Amino acid sequence: DKSELLEGKVDWRGRIATKDKHGGQGPSTLILGTFACENMASFVLGVTLVTYFNGVMHYDVADAATQVTNYSGASYILTVLVAILADTYIGRFTAVLVSCWIEFLGLGLLAFQAHYPKYKPPICNILDPTSNCEKVDGKNAALLYVALYLVALGSAGIKSSLPSHGADQFDDKDKKEAIQMSSFFNWLLLAVCLGGSISTTFIVWIQEHKGWDWGFFVSTLAMFLGAIIFCVGLPWYRIFVIKGSSAITEIFQVYVAAIRNRHLQLPQDSSDLYEIDEDREASIPAEFLPHTDTYKFLDKAAIIQTSQQQYENPIDPWRLCRVTQVENAKILLSMIPVFCCTIIMTLCLAQLQTFSIQQGYTMDTRITNSFHIPPASLPIIPIVFLIIIIPVYDQIIVPILRKFTGIPTGITYLQRVGVGLVLSAISMTAASILEVKRKQVARDNNMLDAIPGLQPLPISVFWLSIQFFIFGIADMFTYVGLLEFFYSQAPKELKSVSSCFLWTSMSIGYFLSSIVVKVVNKATKNVTNSGGWLVGNNFNRNHLNLFYLMLAMLSCLNFVVYLVVARKYKYRVQKSVGGQDDSRVHALKDQNSFSIFTRQE
């Protein structure tokens, strides 16, 4: 019934949303447009900020890379804070709306600082060994960081709440809309790619030829456009109703109650554990999960003591929790190992966004005699491929796989993540091999001390596209798979927070990158002539190839751990009031354990 009322979702006026008037593919397309504009505005920062910090603000390359990874890490870690606010107090729609304008303000401040010389250090070529460049400091440094971290905060809000708000436009209990929601996550990556393609070509070209101020200004306009597109969809959105009490708090209550009841004996029959009466509470929108035998120590949170036998009495939620509440805590706990196994992939991504871009400045960037590709535009290669392959994957490959597996997404979420982890290891291996080749060209041509940009090596920058291409495909599998995995497995009150598992994983990866670079430099200080594998601005005399090889080996070890984690993971089985099985999870309900490279039974 197209006029069916949607439980737990309202329109912008607070009236119960209906299928025929609210949500679906139309409003979700506007949400995708907003995400594309946000990525158009911010994607360029990930690939050019190292150059901006190095060439304009006069940080050396290693410090510039650290500043950029710190910014990226902060952007992702802030998603947790915004997600909790969105799921608990202000709602996902409001969180996205406010975040759009915060990011708009931050980008505007970056454009303002880049335009006026008095807010920047004097012009100086930091790559010239004879120059003595002044590094940004004082009020100008404060302005730089305020602007940059406003962008980080705004971007965090959009990343944490926009995917969940988009998925809220679909009813996962409706088979047709469940498949549409799966496609939405694929199209979400396509939106990222479309925005990223414009960002890494048009905006990078503007920065290279018109100046940093114009580049940041165009990013500001893109964010403004994204905010307007998002507001246009307001009358047609399905807006999730927040409870006003934190679902995170309910998870903590389970752990506190389990600790307080640690001396109690678990009943032999799990049906003796506390749960509200499903038939008696059928009139309220309640979620029910069956009891599982994992993490049994948490079951003690649901032990009914003698004083609690009468349900009419006020129940202390910090001493007695529902079975469903306990099962939600178990699900989040079981997701943590999967979360941890994706951190190394982001550690590898951080190197492609920093050191690989700087490698490009030492190479021949010519496409023709009169046209040069900026190294910061190299990510366009995997992006273009993804723009082509994502529709093919979603419209052709997934339906074919669905026929064989019976799974709405074609393959399981964890299978998809595993493929991406393998590809990331291959990408780092390719990066190491290429760096050996690049240094050999520098050595053969007596150009070990060549100045990047002014004296390019006789090797095409397009060699770098191999590692970018492989990692781009890894992105399609791992990051989209993780978003869908976390969204599908998390309690409905924690959908935004669940998205933050991905962003937090990326945040830790970026922060870990900063730490790893410093540790590697310190550990190799006395064993290399350059004073460390990654020390200084001369890539021809450091040992970036060994660093990439180390990351490749670390990625392989990480994948072995992931295989163990994935085989042990048990998907949730969710049942709504009245005994209806969640159709989206139903295809996975019989799974106890699986091999990520075999068909799921």
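Tyr295 is partly exposed, with a relative accessible area of 31%. This residue belongs to a predicted model, and its place is the loop between β4 (287–288) and α8 (323–340). The phi of Tyr295 is near 45 degrees, a positive value in a residue other than glycine. Most residues other than glycine have a negative phi.

**The chain as a whole**

- The protein chain has 601 residues, of which 57% count as buried.
- Its secondary structure comprises 16 helices and five strands.
- Among the contacts with a separation of 6 or more, 80% are made by residues 24 or more positions apart.
- The accessible surface of the protein chain is about 25300 Å², and carbon and sulfur atoms account for 62% of this area.

**Confidence of the prediction**

- The average pLDDT of the protein chain is 82, and 89% of the residues score at least 70.
- Residues 574–601 have a pLDDT below 50, although this stretch has 81 contacts in the model beyond near neighbours in sequence.
- Where pLDDT is low, the predicted coordinates should not be read in detail.

**Nonpolar cores**

- The largest nonpolar core holds 160 residues, and the members that touch the most others are Tyr52, Phe485, Phe547 and Tyr562.
- Helix α13 (residues 465–489) supplies the largest share of this core, with 14 residues.
- Both domain 1 (1–244) and domain 2 (334–572) contribute at least three residues each to this core.
- Not counting residues up to four places away in sequence, Phe485 touches Met335, Val338, Tyr413, Leu414, Tyr569 and Tyr571.
- Another core, of five residues, lies apart from the largest one; Tyr274, Ile276, Phe288 and Leu320 are among its members.

**Cysteines**

- The model contains one disulfide, which joins Cys124 to Cys133 with an S to S distance of 1.9 Å.
- The link of Cys124 and Cys133 is left-handed, with -70 degrees about the S-S bond.
- Cys340 is in no disulfide, since the nearest cysteine sulfur, that of Cys341, is 6.9 Å away and a disulfide requires two sulfur atoms within 2.5 Å.
- Cys340 is partly exposed, at a relative accessible area of 38%.
- The sulfur of Cys348 is too far from any other cysteine sulfur for a bond, because the closest one, in Cys556, is 9.7 Å away.
- Cys348 is buried, with a relative accessible area of 0%.

**A buried serine**

- Ser164 is part of helix α4 (residues 138–167).
- This serine, Ser164, counts as buried because its relative accessibility is 0%, and buried means under 20%.
- Apart from its neighbours within four places in sequence, Ser164 is in contact with Arg92, Tyr487, Lys495, Ser496 and Ser499.

**A second residue with positive phi**

- Asn446 also has a positive phi, of about 55 degrees, although it is not a glycine.
- Asn446 is located in the loop between α12 (413–444) and α13.
- At 72% relative accessibility, Asn446 counts as exposed, because exposed means over 50%.

Terms used
Residues are numbered from 1 along each chain as its sequence is written. This is a predicted model: local features need pLDDT of at least 70, side-chain atom pairs count only at pLDDT 80 or more; totals for chains, interfaces and linings use all residues. Side-chain values use heavy atoms; hydrogens and water are left out. Buried means under 20% relative accessible area, exposed over 50%, partly exposed in between (1.4 Å probe, protein chains only). A nonpolar core is a set of buried Ala, Val, Leu, Ile, Met, Phe, Trp, Tyr and Cys residues joined through side-chain atoms within 4.5 Å. Helices (H or I, at least four residues) and strands (E, at least two) are DSSP runs, numbered from the N terminus. Domain bounds come from an automatic or database domain assignment. Contact means heavy atoms within 4.5 Å. pLDDT is the predictor's confidence in each residue, from 0 to 100. Accessible areas come from the Shrake-Rupley method with a 1.4 Å probe; for residues, only the protein chains shown count as cover.
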